[in-house]
Amino acid sequence: MRQENLGALIGAVFGAVFVFVNTSDPLPGPAALVLKVLAAVALAAIVLLAVLANKAPRVAEARPSGGMFGKRYGLVVAAEAVLLFGGIAVLRLLGAPGQANVAWIAFVVGVHFLALAGVWRRSSIAVPGVLLTVFGIAGLAMAGIGALAWIPLVSGTLSGITLLAGSLTATAQSFARSRSRGA
């Protein structure tokens, strides 16, 4: 599997999980179901495009030294894990409502994408990074004012849709490049 597609697949799986776990009340049942079905379809499309793109002949592509998943990637992911679990523990100690957890997760994942944009020298992943960071901040602000019911939708569902859209875009571009090389 090409590293760029592997990254998109990882993002897509987490995006689908964000949607499946966080899409419910206060949305009406049919709207929540539609979003979950669309997330599943998007995930399936991403997997299919990644597999098809992977079947094309490989050509040398410019990559950061050590590939995408080298030492610097590992440091970003380690920092992300510490921030995720440490931040959730702090939220718990502060008596924050449980809904704040998804907001914190969205914030940290967004910041992680911003860091990876620099590590991988790919500004395209800064876009979902900014959006997830904003969705996380919005959810934390909502927790501060007691608007708890909408936090999973804002910080979870919207983050998931963003990850799926970014992953779909990346795999569609990879698929298109693979077709042009194979022609």
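What is the accessible surface of the protein chain, and what share of this surface belongs to carbon and sulfur atoms? In this predicted model, the accessible surface comes to about 9,400 Å², and carbon and sulfur atoms account for 74% of that area. Of the 183 residues in the protein chain, 39% are buried.

As regards secondary structure, the protein chain contains six helices and zero strands, so that the pattern read along the sequence is α-α-α-α-α-α, as follows from the definition of these elements as DSSP runs. Several residues of H2 are buried, namely Ala-32, Ala-39, Ala-42, Ile-46, Leu-49, Ala-50 and Ala-53.

The overall dimensions were examined next. Taken along the principal axes, the box filled by the C-alpha atoms of the protein chain is roughly 55 × 40 × 20 Å. Because a compact globule of 183 residues would have a radius of gyration near 16 Å, the value of 17 Å found for the protein chain agrees with that rule. Where contacts join residues at least 6 apart in sequence, 76% of them link residues that are at least 24 apart.

Key: Residues are numbered from 1 along each chain as its sequence is written. This is a predicted model: local features need pLDDT of at least 70, side-chain atom pairs count only at pLDDT 80 or more; totals for chains, interfaces and linings use all residues. Side-chain values use heavy atoms; hydrogens and water are left out. Buried means under 20% relative accessible area, exposed over 50%, partly exposed in between (1.4 Å probe, protein chains only). Helices (H or I, at least four residues) and strands (E, at least two) are DSSP runs, numbered from the N terminus. The radius of gyration is taken over C-alpha atoms; the globule rule is 2.2 Å times the number of residues to the power 0.38. Contact means heavy atoms within 4.5 Å. Accessible areas come from the Shrake-Rupley method with a 1.4 Å probe; for residues, only the protein chains shown count as cover.
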